[in-house]
Amino acid sequence: MTSAIAPSLRPVVRWLLTGCVLIACMVAIGGITRLTGSGLSITEWKPIMGALPPANEVEWQEAFDKYKRIPEYTLVNQHMDLAGFKRIFFWEYLHRNWGRLMGLVFMVPFVVFWRKGLLKGWLMRRGLVILVGGGLVGALGWFMVASGLEKNPDVSHFRLAIHLCAAFTVFAIVLWTVFDIHNGPSAWGGNGTAEARWARALLWLLVLQIVYGAFTAGLDAGRIYNTWPLMNGQFMPENVRAFGDLVKDLTDHKDGVQFVHRNLAWLVAAAFVGFAIRFRERVGVADTWKWLMAAVLLQFVLGVLTVVMQVPIVLGVLHQFGALLLLSALLATLHGTGRRLSA
């Protein structure tokens, strides 16, 4: 495994790492947007003209009047005045324009590096995948918002999970590309060792937990059962099975979703710690096992504090950052245990 970056590709690596930071910030802003109930404040999808905010009181009132026509206002926020609307508008406006900024940050250097001949072969193809993936994340954001504009006062937590997982996927592709440039290309598939197989099993487990984290956020399920380790003194409260349909109870119901998310946390923590200790001396794990342990334990503690303190914004955002940190540590391990490819 090499550990040097060709001088000509150092600007490309800085570009990609900047993209990772921007995506992480985007996830944080999205979390704040969700926690402040701001996600439905802009009721139209205008990729170009939407970059401009209302310029005067007349335009602000027009935007507010459009918001008044959606279920969130009529069913939840009838008490809201124009000043309150401006406060929630800010976070959704920032969220959308951060996405536009990311589009420019990814697109403009891509064109410059391509014209300079720095993007060739697999790196050129990877760059195109990143650009398309970023655009898809934006489109899925509107797909999510649209679910809360007609009949429901909230967006679909299923669509929220799709949107979040798409953003995490693009983050993973960008970071993987950095690893490829730094250490040489590596396949997603394992190199045939036990540690490679277990690392990929951990990825599926983490993806499941991230999905349930999105469900928990989408349903505001973190604001109930704010005790630990039991749920109001019980392992499984009766309300967890309120619908009598196992799938619906565990995917479409606050109580069941929190039950799964908090108990999956134990499994994720145990699996990551066990993996790190078991394979700490193996190639591909020796450099990352401490990061895996630190990241999963930090994420576990942040999750507990977030639930116990009824999801304060700061802890909610830190918990999302923790998920990205844990994913990053696991991606480094996956790359180190991946099947080597020719450049």
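**Terms and their grounds**

Guide: Tyr225 is buried, with a relative accessible area of 10%. The model is a predicted one. Tyr225 is placed in the loop between α7 and α8.

Visitor: Why is Tyr225 called buried?

Guide: Buried means under 20% relative accessible area. Tyr225 has 10%, and therefore counts as buried.

Visitor: What is the phi of Tyr225?

Guide: Phi of Tyr225 is positive, about 50 degrees, although Tyr225 is not a glycine. Asn232, also a residue other than glycine, has a positive phi near 50 degrees. Asn232 is in the loop between α7 and α8.

Visitor: Why does Thr216 count as buried?

Guide: The relative accessibility of Thr216 is 11%. The limit for buried is under 20%, so Thr216 falls within the class. Thr216 is in helix α7 (residues 194–218). Not counting residues up to four places away in sequence, Thr216 touches Ala221, Gly222, Val257 and His261.

Visitor: How do you know that Leu123 is buried?

Guide: Leu123 has a relative accessible area of 7%. Since buried means under 20%, Leu123 is therefore buried. Leu123 belongs to helix α5 (residues 121–146). Beyond neighbours within four places in sequence, Leu123 is in contact with Leu9, Val12, Leu118, Thr177 and Ile181.

Visitor: Why are α1 and α4 called roughly antiparallel?

Guide: Helix α1 (residues 10–35) and helix α4 (residues 82–115) pack at about 170 degrees, their axes 10 Å apart. Angles over 145 degrees count as roughly antiparallel, so the term applies to α1 and α4. The residues of their contact divide into 18 nonpolar, six polar and one charged.

Visitor: What makes α9 and α10 roughly antiparallel?

Guide: The axes of helix α9 (residues 254–278) and helix α10 (residues 289–308) cross at roughly 160 degrees and come within 9 Å. The cut-off is over 145 degrees, and therefore α9 and α10 are roughly antiparallel to each other. Their crossing is left-handed. Among the residues that make the contact are Trp266 and Phe272 of α9 and Trp289 and Phe300 of α10. The contact of α9 with α10 comprises 16 nonpolar residues, one polar and one charged.

Visitor: Why is the term roughly antiparallel used for α10 and α11?

Guide: α10 and α11 pack at an angle of about 160 degrees, with their axes 9 Å apart. Over 145 degrees is the requirement, so α10 is roughly antiparallel to α11. α10 passes α11 in a left-handed crossing. The contact includes Leu292 and Leu302 of α10 and Leu318 and Leu326 of α11. Its residues divide into 14 nonpolar, seven polar and no charged.

Visitor: What makes α11 mostly covered?

Guide: Of the 24 residues of α11, 17 are buried. Helix α11 (residues 313–336) reaches 35 Å from its first C-alpha to its last, close to the 34 Å expected at 1.5 Å a residue.

Methods: Residues are numbered from 1 along each chain as its sequence is written. This is a predicted model: local features need pLDDT of at least 70, side-chain atom pairs count only at pLDDT 80 or more; totals for chains, interfaces and linings use all residues. Side-chain values use heavy atoms; hydrogens and water are left out. Helices (H or I, at least four residues) and strands (E, at least two) are DSSP runs, numbered from the N terminus. Buried means under 20% relative accessible area, exposed over 50%, partly exposed in between (1.4 Å probe, protein chains only). Contact means heavy atoms within 4.5 Å. Axes are lines fitted to C-alpha atoms, for helices over the stretch in contact, and angles run from 0 to 180 degrees between N-to-C directions. Angles under 35 degrees count as roughly parallel, over 145 as roughly antiparallel, 65 to 115 as roughly perpendicular and the rest as oblique. A crossing is left-handed if the near helix is turned anticlockwise from the far one by less than a right angle, and right-handed if clockwise. Ala, Val, Leu, Ile, Met, Phe, Trp, Tyr, Cys and Pro count as nonpolar, Asp, Glu, Lys and Arg as charged, and the others, Gly among them, as polar. The expected span of a helix is 1.5 Å times one less than its number of residues.
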